[in-house]
Amino acid sequence: MNISRNTSLKSYNTFGIDVNAKQFISINTIDELKELLKQNYSGDLFILGGGSNMLLTKDIDATVTHINILGKRILRKTKNSVYVEALAGENWHQFVLWTLENNWGGLENLSLIPGNIGTAPIQNIGAYGVELKDTFVSCDAIDIQTLESRSFTAEECEFGYRNSIFKNKVKGKYIITGVTFKLKKKNHEIRTNYGAIDEFLKGSGISDPTIQDVSKAIIKIRQQKLPDPRVLGNSGSFFKNPVISAEELTHLIIEYPEIPYYKVSENEAKIPAGWLIDQAGLKGYREGDAGVHKNQALVLVNYGNASGKEILLLAQKVQKKIKEQFHIDLEPEVNIF
Ligand code: EPU
């Protein structure tokens with residue numbers, strides 16, 4: 001267990017925000033984690049995974065606990081499937097690449113998503129028509145108060161769009177230590193129906209793609225649209241795509257006949273927040289070092305030395321503009337501290 005004081009968190013959050021942690025602890029094993037919890041730190045912990053879905057607006061007064069528990073293994077194999085477990089500190093994308101090297105299908109559409117394994121279930125990460133919940137079997141977690149380990153099945157996680165029980169009922173009560181996935185050994189399902197993937201594969205002359213081809217296509221597409229946090233600080237989509245009623249949609253279509261939307265139920269539709277922000281003329285907008293990304297308006301970026309407060313002010317400005325123009329409330333997808 002490595003402990004330091006007044007530690008800069010700049011390299012621990014993908015927005016690259018320079019705030020300090022009063023105390024910073026890096027945890028390498030589940031035993032170390034239990035040890036730390038035993039020492040009565042429980043009321044005063046700030047759990048940090050890959051730091052890819054957070055905006056830090058101030059110094060953190062609590063003990064920042066960096067979960068760096070590494071490891072992955074095969075739990076069992078059946079005729080068609082393999083059950084694999086990855087521990088919380090494993091990098092998400094590196095894990096996906098490992099599954100693809102082994103030709104296990106299921107996670108290819110989730111290639112190049114920033115962050116770590118342990119935080120992936122919290123917001124049920126998703127991209128290109130696939131969500132974590134589709135291959136998720138269970139996750140192990142430690143109760144911060146009682147130190148008991150328990151497992152959550154997919155059903156118990158209550159997954160929704162960028163949502164789970166860990167953002168609601170049991171928020172802040174558990175630390176996820178590992179996740180088990182069920183992946184396919186053969187008869188892979190190729191999911192390219194999300195427009196851009198099909199187009200990309202056709203453009204590359206691939207008519208019968210493998211899961212590895214799908215992954216490579218997604219990596220290329222993401223690299224074209226989404227800024228690399230190592231080059232330009234960001235936290236992926238800053239806002240969730242809002243869900244509006246069929247009635248509201250009807251009104252919007254009159255004014256904006258080209259508005260993209262996906263029906264989520266009989267009476268509701270999801271609108272891409274990126275499109276709304278783009279339409280509002282804010283794509284590429286910049287205030288100091290805080291900006292709206294020039295290729296994907298859903299992503300806010302830090303050009304270098306923006307503070308978390310400056311990014312937050314920009315986010316609020318975006319919300320206000322979207323409310324005025326479209327009467328839609330945008331809800332942040334990232335966690336703001
Ligand atoms: N659009 C614009 N202008 C923009 C951005 C988007 O007009 O600046 C339009 C696009 O043309 C398209 C639509 O909005 O018609 C949707 O855009 P895109 O396909 O890029 O997807 P998204 O809805 O913006 C979501 C996820 C992403 C995920 C992609 C691909 C959310 C909040 N975001 O973005 O997730 O990678 O789909 O599946 O659901 C993340 O969560 O960090 C993230 C990047």
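Guide: Let us begin with a definition: two strands pair if DSSP finds at least two bridges between them. Please keep in mind that this is a predicted model.

Visitor: What is the bridge partner of serine 237 in β19?

Guide: The partner of serine 237 is valine 299. The two strands concerned, β13 (residues 233-237) and β19, pair in the antiparallel sense over three bridges.

Visitor: And what does β18 do with β19?

Guide: These two strands also pair in the antiparallel sense, over three bridges. Valine 292 has leucine 300 in β19 as its bridge partner. Together β18 and β19 make a hairpin, with six residues between them.

Visitor: In what order do the four strands of the open sheet come?

Guide: The order is β13-β19-β18-β17, and the pairing is antiparallel. At the edges are β13 and β17 (286-287), each of which pairs on one side only. Between β17 and β18 there are two bridges, in the antiparallel sense, and glutamate 287 stands opposite alanine 290 in β18.

Visitor: Are the residues on the two faces of β19 buried or exposed?

Guide: They are buried on both faces. Val299 and Val301 lie on one side of the strand (residues 299-302), with Leu300 and Asn302 on the other.

Visitor: What does isoleucine 277 touch?

Guide: Leaving out residues up to four places away in sequence, isoleucine 277 touches Phe239, Leu282, Lys283, Val292, Ala297, Leu298, Val318, Ile322 and Leu330.

Visitor: How is the protein divided into domains?

Guide: The division is into domain 1 (2-67), domain 2 (72-184) and domain 3 (233-336). The centres of domain 2 and domain 3, taken over C-alpha atoms, are separated by 28 Å. Four residues from domain 2 and five residues from domain 3 take part in the contact.

Visitor: Now the aromatic rings, please. How many aromatic pairs are there?

Guide: The count is 16 aromatic pairs. One of them joins tyrosine 12 and phenylalanine 24, with 4.6 Å centre to centre and 45° between the planes, and this pair is tilted. Tyrosine 12 is in the loop between β1 (2-8) and β2 (20-27), while phenylalanine 24 is in strand β2, 12 residues apart.

Visitor: Why does phenylalanine 24 count as buried?

Guide: Phenylalanine 24 counts as buried because its relative accessibility is 5%, and buried means under 20%. Tyrosine 12 has a relative accessible area of 27%, so it is partly exposed.

Visitor: Why is the pair of phenylalanine 46 and phenylalanine 337 edge-to-face?

Guide: The planes of the two rings are at 70°, so the pair is edge-to-face; the cut-off for that class is over 60 degrees. The ring centres are 4.8 Å apart. Phenylalanine 46 is in strand β3 (residues 45-48) and phenylalanine 337 is in the segment after β20 (335-336), so the pair ties together parts 291 residues apart in sequence. Phenylalanine 46 counts as buried at 10% relative accessibility, whereas phenylalanine 337 is partly exposed at 33%.

Visitor: Which residues form one aromatic cluster?

Guide: The cluster is formed by Trp92, Phe95, Trp98, Trp104 and Phe181. Over the face of tryptophan 98 lies lysine 72, at 5.2 Å from the ring centre.

Visitor: What lies over the face of phenylalanine 152?

Guide: Arginine 150 does, at 3.7 Å from the ring centre.

Visitor: Last topic: where is asparagine 91 found?

Guide: Asparagine 91 is in the loop between β7 (81-87) and α2 (92-101). Its relative accessible area is 32%, so asparagine 91 is partly exposed. Aside from neighbours within four places in sequence, asparagine 91 is in contact with Gly115 and Asn116.

Key
Residues are numbered from 1 along each chain as its sequence is written. This is a predicted model: local features need pLDDT of at least 70, side-chain atom pairs count only at pLDDT 80 or more; totals for chains, interfaces and linings use all residues. Side-chain values use heavy atoms; hydrogens and water are left out. Rings of Phe, Tyr and Trp (its six-membered ring) pair if their centres lie within 6.5 Å; planes under 30 degrees apart count as stacked, over 60 as edge-to-face and the rest as tilted. Buried means under 20% relative accessible area, exposed over 50%, partly exposed in between (1.4 Å probe, protein chains only). A charge sits over a ring if NZ of Lys or CZ of Arg is within 6 Å of the ring centre and within 35 degrees of the ring normal. Contact means heavy atoms within 4.5 Å. Domain bounds come from an automatic or database domain assignment.
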